[in-house]
Amino acid sequence: MLTKRIIPCLDVKDGRVVKGKSFINLQDAGDPVELAKFYYTEGADELVFLDITATPEGRDTMVNIVERISMEVFMPLTVGGGLRTIEDMRRMLMAGADKVSVNTAAVLKPTLIREGAEKFGSQCIVIAIDAKRLNGNPPPTNTQQVDPPRWEVYVQSGQKPTGIDAIDWARQAVEFGAGEVLLTSMDADGHRAGYDIELTCAVAKATAVPVIASGGAGNLVDFYQALANGKADAVLAASILHYGTHSITETKKYLAQQGIPIRI
Amino acid sequence: MTEQKVIAIIDYGAGNLRSVVNAISRLGYQPKVTNRAAELLAAQLVVLPGVGAAASCMANLQALGIDNTIRQLITENRPFLGICLGLEILFTATEEGGKHECLGIFPGQVRKFPVGLKIPHMGWNQVKQRGNHPIFAGIPDSTNFYFVHSYYAEPEDKSMIAGETEYGVHFSSIITRDNLVATQFHPEKSGEIGLKIYANFISLADRRDSGRLNMRRQ
């Protein structure tokens, strides 16, 4: 049976990991290669690196980092952040990334997804979507109202609304050839109060590719809910893992006990 | 240190072979990435990584004139490892991109997963072992390996099926015939246990039958 994936996400700026300074067993907790090795040993199922560098020099650094990681870590790597062109994708894939994620550039030019999928295969192309709830947050409880919830796509690191419906966009991106959806709830992100289950579930139902839930993990139950109720195929988490609130091992053990198929 | 063996990785121009190179390098070998028939025939072990689409893979192998080299290597029972598309391409034909002829070394069709499943089949899944091929040395039954694929092969000769995995259907996730091994999963992405698959594969070069063939060739 296919297992659900637990994916740590590392933000990298100018070659340094910007979150997760609290690791105590690492010589250099800001070194992406050290952190990748740490999570590899811990049993993470995959790794996502988000390059939040603003400069071209930083981009070159990221390519170099991916090269070094792929020599030490034998697990799937996704790299995203600021990838604009086929050439950007190619550089990351040739450096050793297995998948590249695109966000803003794909909204501006959806054919980028199609070109990427044709060149490298759908399995290499992840559509990253930052979605924000339109009709109220938190979602109304005990509702009699019939209006289904809706979410809007934001780009440029969540700063710019696009007017595009997130569910529609996910569906379209998959039609263009995206092989996976990395779905971040902007409402839930950073609050550690749980993933947006409705959003996750809606995208999971609307698309026929794997969906990675992102944003909001605060405790182990949140992972369970995203996987069981949200129908996510994988959960992405940053601070809950980086700051040592819960380890990968502990997370996996808990989920396995709850009956979620997990690779231990 | 391990004795150096000549390991060739077939580069048919579809892209990223780095993970496979890295995995083999990690085990202390220096694999040779090549698309030249002479180098493939001179190697003790040959790896066919799976990158890209089946049709372009076939076209490239034919254009490079190494489709027949691959047939020869397998016919001569030389240690050969196919990965993902490198497994699928060994069979008769694939449904990928309509219908395309493959190498036809083994009779069988390559089919797409049925509708209703999330495709690609992406992530870690268990391989149920059948038989006791040396590729499984030190690897427990039902170990998880990393998969990412939309098609799977149905060998006509069921005795080739060395391992099966369930994803909507039960499919052949590893096939073997003597010194031929082909995996639908990616051992180079499957952690330390995946590296063990490479190590076991490389050990096939020490078997007497493959050794004799190599001696004769050199």
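Modeller: Over all chains, the count comes to 29 salt bridges; the model in which they are counted is a predicted one. Side chains of opposite charge can pair when their charged atoms come close. One such pair within chain A is formed by R91(A) and D60(A), whose closest N and O atoms are 2.7 Å apart. This pair links distant parts of the chain, since R91(A) belongs to helix α3 of chain A and D60(A) to helix α2 of chain A, 31 residues apart.

Between chain A and chain B, the part you asked about, the count is three salt bridges. One of them joins D98(A) to K189(B), with 2.8 Å between the closest N and O atoms. On the side of chain A that touches chain B, α2 (56-72) and α3 (86-95) of chain A each supply at least two residues. The largest share of that side comes from α2(A), with four residues. By class, the side of chain A that touches chain B comprises 16 nonpolar, six polar and 10 charged residues.

As to the extent of the interface, 32 residues of chain A are in contact with 28 residues of chain B. The size of an interface is often given as the accessible area lost when the parts come together. Here the area buried between chain A and chain B is about 2,500 Å², and carbon and sulfur atoms give 51% of it. Of the area that chain A buries against chain B, 28% is supplied by M1(A), L2(A) and F74(A), more than by any other three residues.

Helix α6 (residues 166-176) and helix α7 (residues 197-206) of chain A pack at an angle of about 35°, and their axes are 9 Å apart. The crossing of α6(A) and α7(A) is right-handed. From α6(A), the residues I167(A), A170(A) and R171(A) meet L199(A), A202(A), V203(A) and A206(A) of α7(A). The residues of this contact divide into six nonpolar, no polar and one charged.

Two backbone features remain. Most residues other than glycine have a negative phi, and most peptide bonds are trans. The peptide bond from I119(B) to P120(B), however, is cis, with omega near 5°. P120(B) lies in the loop between β7 (108-112) and β8 (121-129) of chain B. In chain A, K231(A) has a phi near 60°, a positive value in a residue other than glycine. The loop that holds K231(A) runs between α8 (220-228) and β11 (234-237) of chain A.

Note on methods
Residues are numbered from 1 along each chain as its sequence is written. Chains are lettered from A and ligands numbered from 1 in the order in which they are written. This is a predicted model: local features need pLDDT of at least 70, side-chain atom pairs count only at pLDDT 80 or more; totals for chains, interfaces and linings use all residues. Side-chain values use heavy atoms; hydrogens and water are left out. Contact means heavy atoms within 4.5 Å. Buried area is the accessible area (1.4 Å probe) that two parts lose on being put together, summed over both. A salt bridge is a side-chain nitrogen of Lys or Arg within 4 Å of a carboxyl oxygen of Asp or Glu. Ala, Val, Leu, Ile, Met, Phe, Trp, Tyr, Cys and Pro count as nonpolar, Asp, Glu, Lys and Arg as charged, and the others, Gly among them, as polar. Axes are lines fitted to C-alpha atoms, for helices over the stretch in contact, and angles run from 0 to 180 degrees between N-to-C directions. A crossing is left-handed if the near helix is turned anticlockwise from the far one by less than a right angle, and right-handed if clockwise.
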